[in-house]
Amino acid sequence: METISALETTLPAATVSPRHRALILVALTFGGFAIGTSEFSAMGLMPEMVKSFGVSEPQVGHIISMYALGVVVGAPLLAILGGNLPRRVLLLLLMGFYALGNLASASAPDYVSMMLARFVAGLPHGAYFGVAALAAVAISKPEERGKAVSLVMFGLTVAILIGNPIATWMGQTIGWRWAFVMVASVAVATVALIAMFMPNDKVEAPKHPLDELRAFNRLPVWQALAIGAVGFSGLFCVFSYLAPTMMQVTQVSAKWIPLGLAGFGLGGVIGNFLGGWLFDRLRFRAVPAILLGAAAMLLLFPLAAGSLWTLLPITIAVGMMGALGPVLQTHLMDVAGEAQTLAAASHHAAFNAANALGPWLGGMAISAGFGWTSTGYVGAITALLGVLIYAWAATTLQRPKLETCEAC
């Protein structure tokens, strides 16, 4: 198995002061905050979008899925196209594009154009996080790689805790379109921060896209991506329909929805740092512990949804499933060989495949008449499927040499 030493040789050596390193991480975190707020805002704004576009809740779920599809398409594509650019330049371009995509979302006149705008907005998502994670690891000690990745992801979790509730509140008071204007503003601020604090990095020798694809085409890489795509979809299955669940099952007014979303965010913040801590100690073995704990919490969700005071703690517990993010992101860097940028970006494509799969499966269960809380049972099943994929991957990693996925 290729280990940390292989990873280190693919990353540029960077010597920065602790203060400068902190400023770079803050700049990267701002981008994560913008992306996280945009990605999850449609979930909290679902009732407002239903009224605005005259569609059903599951149809608004398709808007969420279209964004996720944009991430799935854009992550590998933009990572390959931008692979020969300096990371600083690529991050500036990606975040500038993200600002434009969210302005398009804010001005979409109808349901179809909104679907298209969300697809376009999702394109730079995965490539940004992948390149940002590599940049953070490059300025960190080898033994703190998990912590560095969790700091980049911190903006995403803070967005769920703070950004998404703010976006929901804005949607309920001044209109849902302003939430996307806010995201575009944060994206522009991120461009300014990266331009100010991130140094110009050395341009590596140009890589041929086919060479990176060959390096990427390894069985352990595909297995890790499958764990994220399938195992993590349970969180999105519940999260996507939390707003109508709170109104229809918990029977609280819409003003409580931001608090429920904040519960997911708090769990995400805790899980994010927990994931970095677990990886630095357990490596890949942290995956089944996270997924089994998540499956248990997802099974409890239908029972807890009847009361606000039991629903809020369970949303925090389910949100802690976010610990899977830093673990899989850092593991992918270990097994990706020479395809670091593509693998790091594809991690977010996998998680957004989960973001597309979760609402789709949850919408099917709801439309079939199983009720709003059936999302918890569906999510638990996907988490357990993720454990099964991990068991297969763990067996593969015990072999003397990483295999190329010939059948992929």
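Let's start with the aromatic cluster: Phe 53, Tyr 111, Trp 176 and Phe 180 make up one of these together. Keep in mind that you're looking at a predicted model. The protein has 19 helices and 0 strands, and 61% of its 408 residues are buried.

**Aromatic pairs**
- The protein's aromatic pairs come to 9.
- One of them joins Phe 53 and Tyr 111, edge-to-face, with 6.4 Å from centre to centre and 65° between the planes.
- Phe 53 sits in helix α3 (residues 46-53) and Tyr 111 in helix α6 (residues 111-122), so this pair ties together parts that are 58 residues apart in sequence.
- Phe 53 counts as buried because its relative accessibility is 14%, and Tyr 111 is buried too, at 17%.
- Tyr 128 and Phe 129 also pair up: their ring centres are 5.8 Å apart and their planes meet at 75°, so this pair is edge-to-face.
- Tyr 128 and Phe 129 are both buried.

**Out on the surface**
- Leu 266, Ile 270, Leu 274, Trp 277 and Met 320 form a nonpolar surface patch, with about 400 Å² of accessible area together.
- Trp 277 belongs to helix α14, which covers residues 257-282.
- Trp 277 counts as partly exposed because its relative accessibility is 45%.
- The protein exposes about 15,400 Å², and 70% of that comes from carbon and sulfur atoms.

**Contacts along the chain**
- Of the contacts with a separation of 6 or more, 86% are between residues 24 or more positions apart.

Technical notes: Residues numbered from 1 in each chain as written. Predicted model: local features only at pLDDT ≥ 70, side-chain atom pairs only at ≥ 80, totals over all residues. Heavy atoms only, no water. Patch = residues over 30% accessible without salt bridge, like charges linked within 9 Å, V, L, I, M, F, W, Y side chains within 5 Å. Areas by Shrake-Rupley, 256 points an atom, 1.4 Å probe, with all protein chains shown as cover. Salt bridge = Lys/Arg side-chain N within 4 Å of Asp/Glu carboxyl O. Helix = DSSP H or I, 4+ residues; strand = E, 2+ residues; numbered from the N terminus. Buried < 20%, exposed > 50% of the residue type's maximum accessible area, 1.4 Å probe, protein only. Contact = heavy atoms within 4.5 Å. Phe/Tyr/Trp six-rings, centres within 6.5 Å; stacked < 30°, edge-to-face > 60°.
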